[in-house]
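This report covers a sheet with its neighbouring helix, and then a pair of packed helices.

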Amino acid sequence: MYTFKQISCSIPLIVWALTFPACKPRNAATTISSDAAEKVYVQPGKYDELYNFVSGGFNGQVSVYGLPSGRLLKLIPVFSVFPENGYGYSEETKPMLNTSHGFVPWDDQHHLELSQTDGQADGRWLFANANNTPRIARINLATFRTEEIMEIPNSAGNHSSPFATENTEYIVAGTRFSVPIGDDQDVPIDSYKKNFHGTISFISVDPASGHFKLAFQLTMPGIDFDLSHAGKGPSHDWFFFSCYNTEQAHSLLEVNASQRDKDFIMAVNWKKAEEYVRQGKGVKKKASYSHNLLDEKIHTANSVTETEVLELDPVALKDMVYFIPCPKSPHGCDVDPSGEYIVSSGKLAALIPVFSYTKMLKAIADKQFEGDYEGIPVIKYESALYGEVQKPGLGPLHTEFDGLGNAYTSMFVSSEVVKWNIKDLKVLDRAPTYYSVGHLMIPGGDTKKPYGKYLVAYNKITKDRFLPTGPELAQSAQLYDISGEKMKLILDYPTIGEPHYAQAIPADMISKNSVKFFKIEENQHPYVAKGEKMAKVVREGNKIHVYITAIRSHFVPDNIEGVKLGDEVYFHVTNLEQDWDIPHGFSVKGAANAEILIMPGETCTLKWVPLKVGVYPIYCTDFCSALHQEMQGYVRVSAAGSSVPILYGTNRKDADTTLAPSSK
Amino acid sequence: MNSKMSGTARLITCIASMAMIFVLFLPIWRIELSAPQYPEGLVLKIYADRIGGDVDIVNGLNHYIGMRTLHTRDFVEFIALPYIIGGLISIGLLVALVNRRRLFYGWISLFLLIAVISMVDFYRWEYNYGHNLDESAPIKVPGMAYQPPLIGYKQLLNFSAYSIPDKGGWIFAAAGGLLVLAGFLEIRKRRNYKAHHSPVPALAALLLILTSLTGCSSGPSPIHYGQDNCDNCKMTITDRRFGFEILTEKGKAYKFDDIHCLLDFIRSGRIPKKDIAGIYFADFSGNGQLLGQQSCYLLKSPVLHSPMNGDIAAFASLDSMNKYKKDLQGQLVSWKDLYR
């Protein structure tokens, strides 16, 4: 008779079972302040406040966004071919991707650096690194085109690059993968410790032309160099690098390179290195590396092979390179705006060490060394340490600065950005990211005078942030307003490729210099046709050069005959327009490469080798005018032994005047 | 006669034994894991005969901290447990059939013993997995162990781990609870219905345990002035005289610095109205007490100058309101007046 009552007593148990999960702590919900939309809204027709240059990672390109709107403005092809505009396909741009390994059509683009004057971005050039086949590139910010690419010899995995000194005296390149260098490179992999070396390259940048020169290269022990940043102000003469794999592992690095409690921050006195170079202490060594340069006058790149490297040995040449112990595989290596504090983030460490430049100098002067690593002095950790940020979060990676005495560090594992004060090393604020933030960027955040105001987090994992697009998702970026005490998330947007480091600069520093079109009278391309009268078709053996002009809305010539199987046809297309935003495109049926986009006043060349007899249409691919759809023509391809003569022209009814036989 | 079981006890024994059949097939325990980059969460489900859920993903993550990988084949428990549960079921049905009180007590004891041993064993392997870490693990946090909680919640680096019985476990627990009750019934019966041996104290104790466990989700969450931000305007809540809170059915608290923000928040529809479990107002006296919406008195006066000019103050009683009313003027309003 108690049964029912007592059975009903177990009901609370079941109720408890159902409600228990409610006690579970919830993740912080996304809080968006109500004025977020206002802060990122750029009215139609208005410009963004900042240009934001974002590395493309595995797409090998650089994307340009406007901030704070997050609108994608442009993709600049740098290390990867770009069929969209013919970069790497046109005859003019093919040499740009030439290396000592031949034509390399792809790379992994990780970091960007704006050229600097007096420690601040000057808006002239943007530098980019290629991690896979080690290269650095210079992009002209007047044209947003890649102007120069130089291969880095004796290197693999050019990761700690292309960071610049305060006046862009040098940009640096370092080896993430140490490799055997010199004459005998056919060595067993397990002879790593004996035969493998890293190198740190200093590439000088001509202050007027921007041209690269590999000034000198430091030969280092075989460890992994990860990231770097130059000193500023008082530490102007120094460059700092993070190093991992001091265990010198060559297999299963995720375990074997994570064994030592401390790896290193490396400090390089590049002024001292310059001094040794002047004193002739460098050793010239043979090397072979490509140096590709775009000549604006002829709109054509030229690739030359450099043959020499000047090597400096930091073991023999004292007082130039020092190691500072740094906990657990440091990644980011960032110098604050004052130049006094060097922040390094051990990606597996539970704290963030902050080193003091003045303490480091004193430690060197007082010989506060704990020993040496492969002949390079190691400064005592405490002697160079300013202090440690305790419990900052999990997986610290990169740090940027707001110029107000605060640092912002990305936390990969705990998916957050943590704001902390540089002086007292206290954590001030945390903001969640969605998800697993890698790099972060504050406009000017690695310069002497940060612009501040915004912070962008570049995340590695996107998951549920946007509409799903199958297994492969875009990487995501989050924009935070950092003008107040608390960081406020104001925008979430997908990105292109895999963004790593990024840069941003106030828009007018660049927009005022932007080129609108190329002047046709300055075009010195060897195959230019500066007017329709100069259009022609010339046979040179089995090569046929078509000097073709494009203007709204026709090509001259647009009918071409006399091409035979076995011929190589070069369409040299000159865009005769002299107005802003009137590019023409050019493509031909069956072309095994891409289209080309020709800017006003420019000449571009598309190579075409027809494989079948027939008549092939050509047409403009960039919608140029109301009669764009009429901008088309034909090329007749005859059999190999055919007697069809070279004939060309536009509007063949006037055959006598415009369709002329070629001059043989 | 005395050695026979009561009908109730036999019925409960049958029900409990039959219910246990489900335990063989349903997950008994679950460990839920969530991290910022796993918004969807991961779960490990422990069945009588295997580990299920996101075992491969968890194994993939655990190697960073040097935890051994989880494999069903490494646990002798997964071989033994189905037999043990099967045995319990068979014995239970046998007890009901044979109908002997001593056997019945014996069975309950065995049941409870197995429950305790299982939990001890579970704790033991959680301990081993959490503490016996590979020395060469990439991530080593000094002093950090990764033992999941036996029951309840624990933060393990970036993962929050939440360990609770799953369906099978609840059935097992319910069966156990029923059996204990049936046991009490039998004892009570044997002692000739002595009034002072009513099962009520035992039941009360059980209920107390249960309610104390559910306690974490009831009542408003205190407002931390100067720290908590208003969930509507995002400004920090600083004025102790004006604090407002919405508590949802799930126990989540939204806090506000002004009635204006509270109303704005409700109207915005950010949480469905049906999810609102309670609305609370800070006592105007600034004593930190949160008053339920039904049990307080609201005064509206422009003299108040509340943070967002909602100008509503709450009092626990009319007396306390009248104390302030001389200075504040204003008028008594009801929640209905404010919220339409």
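How many bridges join β20(A) to strand β21 of chain A? This is a predicted model, and in it β20(A) and β21(A), the latter spanning residues 341–346, are joined by 4 bridges and run antiparallel. One of the residue pairs involved is D334(A), whose bridge partner in β21(A) is V343(A).

Both strands belong to an open sheet of chain A, made of 4 strands in the order β20-β21-β22-β25 with antiparallel pairing. β20 and β25 of chain A stand at the edges with a single partner strand each, so one side of each has no neighbour in the sheet. From one strand to the next, the twist averages 20°.

Helix α7 of chain A, residues 357–365, lies across β21, β22 and β25 of that chain. The helix runs at about 65° to β22(A).

The second topic is in chain B. Two packed helices are described by the angle between their axes and the distance between the axes. For α4(B) and α5(B), the angle is about 145° and the axes are 10 Å apart. The crossing of α4(B) past α5(B) is left-handed.

| Helix | Residues of the helix | Residues in the contact |
|---|---|---|
| α4(B) | 101–131 | R101(B), F104(B), Y105(B), I108(B), F111(B), L112(B), A115(B) |
| α5(B) | 167–190 | G176(B), L179(B), G183(B), E186(B) |

By class, the residues of the contact of α4(B) with α5(B) comprise 7 nonpolar, 2 polar and 2 charged.

Definitions and conventions. Residues are numbered from 1 along each chain as its sequence is written. Chains are lettered from A and ligands numbered from 1 in the order in which they are written. This is a predicted model: local features need pLDDT of at least 70, side-chain atom pairs count only at pLDDT 80 or more; totals for chains, interfaces and linings use all residues. Two strands pair if DSSP finds at least two bridges between them. Helices (H or I, at least four residues) and strands (E, at least two) are DSSP runs, numbered from the N terminus. Axes are lines fitted to C-alpha atoms, for helices over the stretch in contact, and angles run from 0 to 180 degrees between N-to-C directions. Two residues are in contact if their C-beta atoms, placed from the backbone, lie within 7 Å. A crossing is left-handed if the near helix is turned anticlockwise from the far one by less than a right angle, and right-handed if clockwise. Ala, Val, Leu, Ile, Met, Phe, Trp, Tyr, Cys and Pro count as nonpolar, Asp, Glu, Lys and Arg as charged, and the others, Gly among them, as polar.
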